[in-house]
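The following note sets out, point by point, what may be read from the model shown below. It is written for a reader who is new to protein structures.

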Amino acid sequence: MGVKFDKPLIAMILSIIGAIPAGIFSEIMIFFRFTTISAPKATSMMFIREGSLALGVLSHIGYSAILGLFLYYTPKFVGIDHYLIKAVFISMFAEAILFIVFGTFMRNEYMIQNAAGNYSQASAAAIAGLVRGYLIKRYLFEKPNS
């Protein structure tokens, strides 16, 4: 009898880990003035208009954990084939929904970006999706070679 793991919880943790490269990438894009907000700060704008890095870290952990659950259960509906591509698209779609709902619909001018900012945020989401997808597939879906 083997050890049982709580796979949804592990998917949430792996998704949180996968968000770290997106945060780093978005900070680099801020440094080069391609965008004005980082990925964590954008998620904090769900709660406060101008955003906060401290609240952003906490809210991005929650956002990433929920996204990790979604990525874990997605193969049950759409299959595991090309999972990394699916994870990238799901992460990019979730980020787009975040910006549409809390930026455009709520008229938060801090979340409305120029073209370079939109490409930077989409690239950060794609990077996070790729890392999340890789980690979840590697540690939760692939069978170890025996």
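This is a predicted model: local features need pLDDT of at least 70, side-chain atom pairs count only at pLDDT 80 or more; totals for chains, interfaces and linings use all residues.

**Notes on the overall fold and selected residues**

1. The chain has 146 residues, and a compact globule with that number of residues would have a radius of gyration near 15 Å; the chain has 16 Å, which agrees. Along its principal axes, the C-alpha trace spans about 55 × 25 × 25 Å.

2. The secondary structure consists of 6 helices and 0 strands. When the chain is read along the sequence, the pattern is therefore written α-α-α-α-α-α. Of the contacts between residues at least 6 apart in sequence, 67% join residues at least 24 apart.

3. As to burial and surface, 40% of the 146 residues are buried. The chain exposes about 8,900 Å², and carbon and sulfur atoms supply 71% of that area.

4. How many aromatic pairs does the structure hold? There are 4 aromatic pairs. One of them is formed by Phe31 and Phe32, whose ring centres are 5.2 Å apart and whose planes are at 80°, an edge-to-face arrangement. Both of these residues, Phe31 and Phe32, are exposed. In general, a pair of aromatic rings is described by two quantities, namely the distance of the centres and the angle of the planes.

5. A further pair consists of Tyr83 and Phe141, with ring centres 5.5 Å apart. Why is this pair called edge-to-face? The planes of Tyr83 and Phe141 stand at 85°, and an angle over 60 degrees counts as edge-to-face. Tyr83 belongs to helix α5 (residues 83–105) and Phe141 to helix α6 (residues 115–141), so the pair ties together parts that are 58 residues apart in sequence.

6. The two partners of this pair may also be described by their accessibility. Tyr83 has a relative accessible area of 1% and is buried, whereas Phe141 has 25% and is partly exposed. The cut-off explains the two labels, because buried means under 20% relative accessible area and exposed means over 50%, with partly exposed in between. Ring pairs also link Tyr83 and Phe141 with Tyr72 and Tyr73 into a cluster.

7. Another arrangement that involves a ring is found at Arg138 and Tyr139. The charged end of Arg138 sits over the ring of Tyr139, at 5.3 Å from the centre of that ring.

8. Where does Asn108 lie? Asn108 is placed in the loop between α5 and α6. Its relative accessibility is 3%, so Asn108 counts as buried. A polar atom of the Asn108 side chain lies 3.1 Å from the backbone nitrogen of Tyr110. If neighbours within four places in sequence are left aside, Asn108 is in contact with Met45, Ile48, Arg49, Phe102 and Gly103.

9. Arg107 is likewise placed in the loop between α5 and α6. Is Arg107 buried or exposed? With a relative accessible area of 67%, Arg107 is exposed. Its phi is near 55°, a positive value in a residue other than glycine. Most residues other than glycine have a negative phi.

10. His82 also deserves a remark on its backbone. The phi of His82 is near 55°, which is a positive value in a residue other than glycine. His82 is found in the loop between α4 (75–78) and α5. At 62% relative accessibility, His82 counts as exposed.

11. Val101 is in helix α5 and is partly exposed, with a relative accessible area of 29%. Val101 and Ala116 are 15 residues apart in sequence, and their C-alpha atoms are 20 Å apart in space.

12. Val57 is partly exposed, with a relative accessible area of 41%. Val57 and Ser44 are 13 residues apart along the chain, and a distance of 7.8 Å separates their C-alpha atoms.

Methods: Residues are numbered from 1 along each chain as its sequence is written. Side-chain values use heavy atoms; hydrogens and water are left out. Rings of Phe, Tyr and Trp (its six-membered ring) pair if their centres lie within 6.5 Å; planes under 30 degrees apart count as stacked, over 60 as edge-to-face and the rest as tilted. Buried means under 20% relative accessible area, exposed over 50%, partly exposed in between (1.4 Å probe, protein chains only). Helices (H or I, at least four residues) and strands (E, at least two) are DSSP runs, numbered from the N terminus. A charge sits over a ring if NZ of Lys or CZ of Arg is within 6 Å of the ring centre and within 35 degrees of the ring normal. A polar contact is a pair of N or O atoms within 3.5 Å; within protein, one must be able to donate a hydrogen and the other to accept it, and residues adjacent in sequence count only if both atoms are side-chain atoms. Contact means heavy atoms within 4.5 Å. The radius of gyration is taken over C-alpha atoms; the globule rule is 2.2 Å times the number of residues to the power 0.38. Accessible areas come from the Shrake-Rupley method with a 1.4 Å probe; for residues, only the protein chains shown count as cover.
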